[in-house]
Amino acid sequence: MTHEVRGVVARAKNEPVSVETVLVPDPGPGEALVTVQACGVCHTDLHYRQGGISDDFPFLLGHEAAGVVEAVGDGVTDVAPGDFVILNWRAVCGQCRACLRGRPWYCFDTHNATQKMTLADGTELSPALGIGAFVEKTLVAAGQCTKVDPEASPAAAGLLGCGVMAGLGAAINTGGVTRGDSVAVIGCGGVGDAAIAGARLAGAARIIAVDVDDRKLEWAKGFGATHTINSSGTDPVAAIQELTGGNGADVVIEAVGRPETYKQAFYARDLAGTVVLVGVPTPDMTLELPLLDVFGRGGALKSSWYGDCLPSRDFPMLIDLYRQGRLDLDAFVSERIALDEVESAFTKMHHGDVLRSVVIF
Ligand SMILES: NC(=O)c1ccc[n+]([C@@H]2O[C@H](COP(=O)([O-])OP(=O)(O)OC[C@H]3O[C@@H](n4cnc5c(N)ncnc54)[C@H](O)[C@@H]3O)[C@@H](O)[C@H]2O)c1
Ligand SMILES: [Zn+2]
Ligand SMILES: [Zn+2]
């Protein structure tokens, strides 16, 4: 049986998105059909609609989602109809060179659904990050469904499916922030604020938030920033050094994805410190740095894909912390919107009016 549902589609580069009829097949072997309850609007969705990720239009957008499994295909044993799940874009294969070396959070061959969702005329859709969840029902690989405590609110839980997990993991997993560390976070959107929350959870002593928007800096304090810097009028490198005894921060997390903010991160860390790039650059961007500085400052320059998370390990643990009141996922939800409001949510995101707009079904 084919399910006829409504979904948000980006048809062409830089064109506004539209709500279209989407045809979703029943799950085949290894697949699951999920009734989506909530899906957050991530900057990466906007990157897709701007053609910044690939040219495989039309895209079915949305990938930060939670919902209930409606049906599973043959051979699926880990999830069953009725399970409350967060969708992930890291269904690990267990067989690639990363998985075989015991590092499944780097899995190089993650699973997505084999069958395609299509427009009413049969045109195949490219689901954002192999998910596509601004749609009433979506088809994913069963491994993309991570079961969590059904008491969690779908709007909050879904955010762990991408940006919030990326930020938390950039601090905790990739950056290895530990108690007593000084941490600076450049860019305080949903991802950067999650990095701040992660740094607080990990016991950082000093957490410096940097943004060009005072509203964002105010929100960052709520997630745990101990100091804030508006870098539109102040040199953030000098300011971070001043707040860290003249040395720079142990871990600097770049959550914008631009060469100039990466350079700030590079120079704002202490000797032997760590830079984590979690912001996603576009293909036209390049970076030039004196090689001697790269060598002479030591330490580690890392990128963080999805916060180096392992969904089966991290999602249930973070939902537990949320349920215990130790991780305020609700604070990331700026507004709850309808499916036909995604384009206006992009505008609000662009103007910095929201951390996360979340589509509620
Ligand atoms: N690595 C991953 O796995 C992953 C996952 C999700 C999102 N991302 C990326 O993370 C980045 C942030 O995502 P988001 O959803 O938080 O976006 P966002 O638009 O909500 O936040 C970006 C923030 O950066 C600030 N900013 C812009 N220019 C700045 C500058 N020059 N200096 C300081 N701050 C500046 C903005 O004011 C805003 O607060 C994006 O590039 C997104 O694609 C990465
Ligand atoms: Zn693998
Ligand atoms: Zn995302």
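**Helix pair H7 and H8.** I took H7 (residues 236-243) and H8 (residues 259-268) to begin with; they pack at an angle of about 30°, with their axes 9 Å apart. That makes H7 roughly parallel to H8. I note the cut-offs: angles under 35 degrees are roughly parallel, over 145 roughly antiparallel, 65 to 115 roughly perpendicular, and the rest oblique. Axes are lines fitted to C-alpha atoms, for helices over the stretch in contact, and angles run from 0 to 180 degrees between N-to-C directions. Helices (H or I, at least four residues) and strands (E, at least two) are DSSP runs, numbered from the N terminus.

From H7, Pro236, Val237, Ile240 and Gln241 meet Gln264, Tyr267 and Ala268 of H8. I count a contact when two C-beta atoms, placed from the backbone, lie within 7 Å. The residues of this contact divide into five nonpolar, two polar and no charged. Here Ala, Val, Leu, Ile, Met, Phe, Trp, Tyr, Cys and Pro are nonpolar, Asp, Glu, Lys and Arg charged, and the others, Gly among them, polar.

**Ground rules.** The model is predicted: local features need pLDDT of at least 70, side-chain atom pairs count only at pLDDT 80 or more, and totals for chains, interfaces and linings use all residues. Residues are numbered from 1 along each chain as its sequence is written, while chains are lettered from A and ligands numbered from 1 in the order in which they are written.

**Helix pair H4 and H5.** Next I looked at H4 (residues 163-174) and H5 (residues 190-201), whose axes come within 7 Å and cross at roughly 45°. That makes H4 oblique to H5. H4 passes H5 in a right-handed crossing. The contact includes Gly163, Ala166, Gly167 and Ala170 of H4, and Gly190, Ala194, Ala197 and Gly198 of H5. Its residues divide into twelve nonpolar, five polar and one charged.

**Helix H11.** Which residues of H11 (residues 342-350) are buried? I find Val342, Ala345, Phe346 and Met349. Buried means 20 or more other C-beta atoms within 10 Å of the residue's own, exposed 12 or fewer, and partly exposed in between, with C-beta atoms placed from the backbone. Seen down the axis of H11, the buried residues fall within an arc of 105°, so they line one face; the arc is that of the directions from the helix axis to the C-beta atoms. They pack against E1 (2-10), H1 (43-49), E17 (333-337) and E18 (356-360). The face turned away carries the exposed residues Thr347 and His350. Gly352 follows H11, and its phi is positive, near 75°.

Most residues other than glycine have a negative phi, and most peptide bonds are trans. I checked for exceptions. Phe57 and Pro58 are joined by a cis peptide bond, omega about -5°. Pro58 is in the loop between H1 and E4 (59-60). Asn14 has a positive phi, near 65°, and sits in the loop between E1 and E2 (18-25). With 8 C-beta neighbours inside 10 Å, Asn14 counts as exposed. Ala272 also has a positive phi, near 65°, but is found in strand E15 (residues 269-277). Ala272 has 10 such neighbours and so counts as exposed.

Notes. Left-handed = near helix turned anticlockwise from the far one by under 90°.
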